[in-house]
Amino acid sequence: MKKIVVLISGSGTNLQAIMDACQAGKINAEICAVYSNKSDALGLSRAQEAGIPTFVIQPENYINREDYDHALQQAIDSHDTDLLVLAGYMRILTADFVRHYRGKIINIHPSLLPKYPGLHTHRKAMENGDQEHGTSVHFVTEQLDGGPVILQAKVPIFADDHENDVVERIKTQEHDIYPVVIDWFISGRLQMVGNNAQLDGKVLPEHGYASDD
């Protein structure tokens with residue numbers, strides 16, 4: 001059975017969705033380890049309750065990001081993982097780390113990429129008067145939130161929304177689409193070729209499988 005390693009920094013709701021999908025047989029793989037840069041990340045408790053090994057590698061124990069990522073890389077490689085999943089992992093990865101896992105590292109980002117890379121995406125969308133927002137699953141490359149998009153989901157923004165309303169709407173979609181993309185990868189349907197995401201041998205457009213094109 002193929003192996004998945006998940007990196008988290010927070011509550012782990014996407015991790016929970018992935019664990020549930022594995023348990024239900026919707027993803028034919030096992031999560032062999034969960035790593036966090038924060039010892040108090042709630043997601044660690046979720047994994048422990050499911051019997052998944054958890055590890056904390058704390059940044060303050062390392063001189064710089066390069067040393068930290070090298071230690072993290074060595075730890076991940078000890079699991080012989082097939083796919084590295086970022087699920088609310090709030091550290092910018094070094095270029096060497098990303099290149100090491102090129103083509104088998106994915107992330108979910110709360111915007112309709114290429115709009116709003118980085119932080120505070122919901123606030124930016126609302127401040128700019130957007131009528132829709134969304135989330136994107138993408139391959140990770142050296143460019144922050146700039147790797148090829150695989151799948152997106154859109155949600156409306158209503159005039160009387162508070163930011164948390166949009167956040168919760170986005171989370172619901174994330175919990176649906178992230179396991180789908182992971183299953184595509186694990187089953188061999190999805191791969192990164194050059195700078196493109198390919199599904200069933202066909203290059204996906206800029207906005208991924210969910211494109212309106």
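A residue is called buried when its relative accessible area is under 20%, exposed when it is over 50%, and partly exposed in between, using a 1.4 Å probe and protein chains only. At 8% relative accessibility, tryptophan 184 counts as buried. This is a predicted model, in which local features need pLDDT of at least 70 and side-chain atom pairs count only at pLDDT 80 or more, while totals for chains, interfaces and linings use all residues. Residues are numbered from 1 along each chain as its sequence is written, and side-chain values use heavy atoms, with hydrogens and water left out.

The structure holds four aromatic pairs, where rings of Phe, Tyr and Trp (its six-membered ring) pair if their centres lie within 6.5 Å, and planes under 30 degrees apart count as stacked, over 60 as edge-to-face and the rest as tilted. One of these joins tyrosine 62 and tyrosine 68, edge-to-face at 5.6 Å centre to centre with 90 degrees between the planes. Tyrosine 68, at 1% relative accessibility, counts as buried, whereas tyrosine 62, at 30%, counts as partly exposed.

Tryptophan 184 pairs with tyrosine 209, and because their ring centres are 5.4 Å apart and their planes at 70 degrees, this pair is edge-to-face too. Since tryptophan 184 lies in helix 6 (residues 163-186) and tyrosine 209 in the segment after strand 10 (202-203), the pair ties together parts that are 25 residues apart in sequence; helices (H or I, at least four residues) and strands (E, at least two) are DSSP runs, numbered from the N terminus.

In helix 1 (residues 13-23), the buried residues include Leu15, Ile18 and Met19. Just after helix 1, glycine 25 takes a positive phi of about 80 degrees.
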